[in-house]
Amino acid sequence: MIRVVLPAHLRTLARVDGEVKVAVEGPVTLRAVLDALEAGYPMLRGTIRDHVTLQRRPFLRFFACEQDLSLEPPDTPLPDAVVAGAEPFLVVGAMAGG
Amino acid sequence: MSRVRVLVGTRKGAFVLTSDGKRDRWDVSGPHFGGWEIYHLKGSPADPNRLYASQSSGWFGQVIQRSNDGGKTWESAGNKFVYDGPTGTHLWYDGTPHPWGFARVWHLEPSLSDPDTVYAGVEDAALFRTTDGGQSWQELPGLRNHASASSWQPGAGGMCLHTILLDPSQPGRMFIAISAAGAFRSDDAGKTWRPVNRGLKSEGIPDPTAEVGHCVHRIAMHRSRPGVLFMQKHWDVMRSDDAGESWREVSGNLPTDFGFPIDVHAHEPETIYVVPIKSDSEHYPPEGKLRVYRSRTGGNEWEALTKGLPQSHCYVNVLRDAMSVDTLDPCGVYFGTTGGQVYASADAGDTWAPIVRDLPAVVSVEVQTLP
């Protein structure tokens, strides 16, 4: 299972506390994790990626194992520690705004 | 005994205010969706416990929420708003072409007869509709594909479709308004549209017969007389007696005719309310006095309503969707401010009292009168 940490507002929207765990079949890539996340929590569709283009929303970033993966291609494999469940995949909201 | 439910959208969440018919003691529920901008909430006339809310955020985009129990519990609905077909361009602030792009839902207007059908006015301006209770949304593209659309420009708040009026006497007739394109009417349930802006005169538009380009802030109608429309334009309060075919100014003795909301008394179709604001660069009441103005003559002759409203050092604004009326007798009038107050009058505006004083900036106020 892949561990995913969501920003507080998306945890509220998805009605979850703490980390989310999603199952990914096949290669564990950025795209595959987000697909699995949205399949398990349909209310998150459109809030992390654009519905149509699937591009990351501008004020969100993706991190794992202290690496910024935000600008990586969607088929980028996630680090082994994420695949093994030792480290979470982080969806982080920009610390900006009021 | 009748009850009243006031639905308040703010910059940081939604609030539901309820009272019995006396309207002097209120229960406050919220914030719902704390931290999110709630541009608008509205209940279905056909099922008052069915509510819809537009929830949005600069980080996370658009969410639609739905309640089946009058706002006690909510569930997220569909949030996929995709324009139908090529989007083309409108004009940007500097007059250059700018690609159409979805930003948020400004206004939700439930059908008069079907709780599962709702119209959504969005930025960049377009009209969407759901017929399955908000699970899916389809654009009615005839509006955005109007021949004038490439010349539409945004107002300061964005190019928003902020007003949707459904004509109760003629199914298929509806009015919408866009800042800063103007008012449009459809007589075929949103399939085709035409501008209805004749008589509007706007500073900066040299052509007095300009078909579009007017910064309409709000339109209101009385259900019993849907051919009569009242408009708060950027500047000027206007009236149409022929379903928008022509407009005439009824600003009369208002201290300033700039403002955002306008609404009509529930039982007196010639009694209307506005909140004059000093100017478009000073979004606060003139002289620091928060005054609702009422006309009992359908415009031109206005009286200031001040009892219970701050008459010194008040520099709040009242946004376009932030005024509403109930249908009790006497008619209740409600409005919210950017300072977080929601004021109510249970006597048609003669006296006012705050229901709440310290909410986040209020974006919208809708009222439901319940049995």
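Trainee: How many residues lie between β27(B) and β28(B) in their hairpin?
Mentor: 5 residues lie between β27(B) and β28(B). B:Gly340 sits in that turn, with a positive phi of about 90 degrees. Strands here are DSSP runs of E, at least two residues long, and helices are runs of H or I, at least four long, numbered from the N terminus.

Trainee: Before we go on, what kind of model is this, and how are things numbered?
Mentor: It is a predicted model, where local features need pLDDT of at least 70, side-chain atom pairs count only at pLDDT 80 or more, and totals for chains, interfaces and linings use all residues. Residues are numbered from 1 along each chain as its sequence is written, while chains are lettered from A and ligands numbered from 1 in the order in which they are written.

Trainee: What is the average pLDDT of chain B?
Mentor: Chain B averages 97, and 100% of its residues score at least 70. pLDDT is the predictor's confidence in each residue, from 0 to 100. For the complex, the predictor gives an ipTM of 0.95 and a pTM of 0.97.

Trainee: Which other strand is joined to β28(B)?
Mentor: β29 (residues 353-356) of chain B is joined to β28(B) by 3 bridges, again antiparallel. There, B:Tyr343 stands opposite B:Pro354 in β29(B).

Trainee: Which way do the residues of β28(B) point?
Mentor: B:Val342 and B:Ala344 point one way, B:Tyr343 and B:Ser345 the other. All are buried. Buried means that 20 or more other C-beta atoms lie within 10 Å of the residue's own; 12 or fewer is exposed, in between is partly exposed, and C-beta atoms are placed from the backbone. In a regular strand, side chains alternate between the two faces of the sheet.

Trainee: Which residues have the most contacts inside the largest nonpolar core?
Mentor: They are B:Val6, B:Val8, B:Ile176, B:Tyr334 and B:Val342, in a core of 129 residues. Such a core is a set of buried Ala, Val, Leu, Ile, Met, Phe, Trp, Tyr and Cys residues joined through C-beta atoms within 7 Å.

Trainee: What does B:Tyr334 touch?
Mentor: Leaving aside neighbours within four places in sequence, the contacts of B:Tyr334 include B:Val6, B:Val342 and B:Val367. Two residues are in contact if their C-beta atoms, placed from the backbone, lie within 7 Å.

Trainee: New topic. Where is B:Asp24, and is it buried or exposed?
Mentor: B:Asp24 is in the loop between β2 (13-20) and β3 (27-32) of chain B. B:Asp24 and B:Ala344 are 320 residues apart along the chain, yet their C-alpha atoms are separated by 9.0 Å.

Trainee: And chain B overall: how many helices and strands?
Mentor: Chain B has 0 helices and 30 strands. Its radius of gyration is 19 Å, close to the 21 Å that the globule rule gives for 371 residues, so chain B is as compact as a globular protein of that length. That radius is taken over C-alpha atoms, and the rule is 2.2 Å times the number of residues to the power 0.38. Of the 371 residues, 53% count as buried.

Trainee: What about chain A: in what order do its elements run?
Mentor: From the N terminus, they run β-α-β-α-β-β-α-β. That makes 3 helices and 5 strands. Buried residues make up 26% of the 98 residues in chain A.

Trainee: Which sheet holds β6 of chain B?
Mentor: An open sheet of 4 strands, in the order β4-β5-β6-β7 (chain B), with antiparallel pairing. Its edge strands are β4 (37-43) and β7 (75-76), each pairing on one side only.

How values were computed. Two strands pair if DSSP finds at least two bridges between them.
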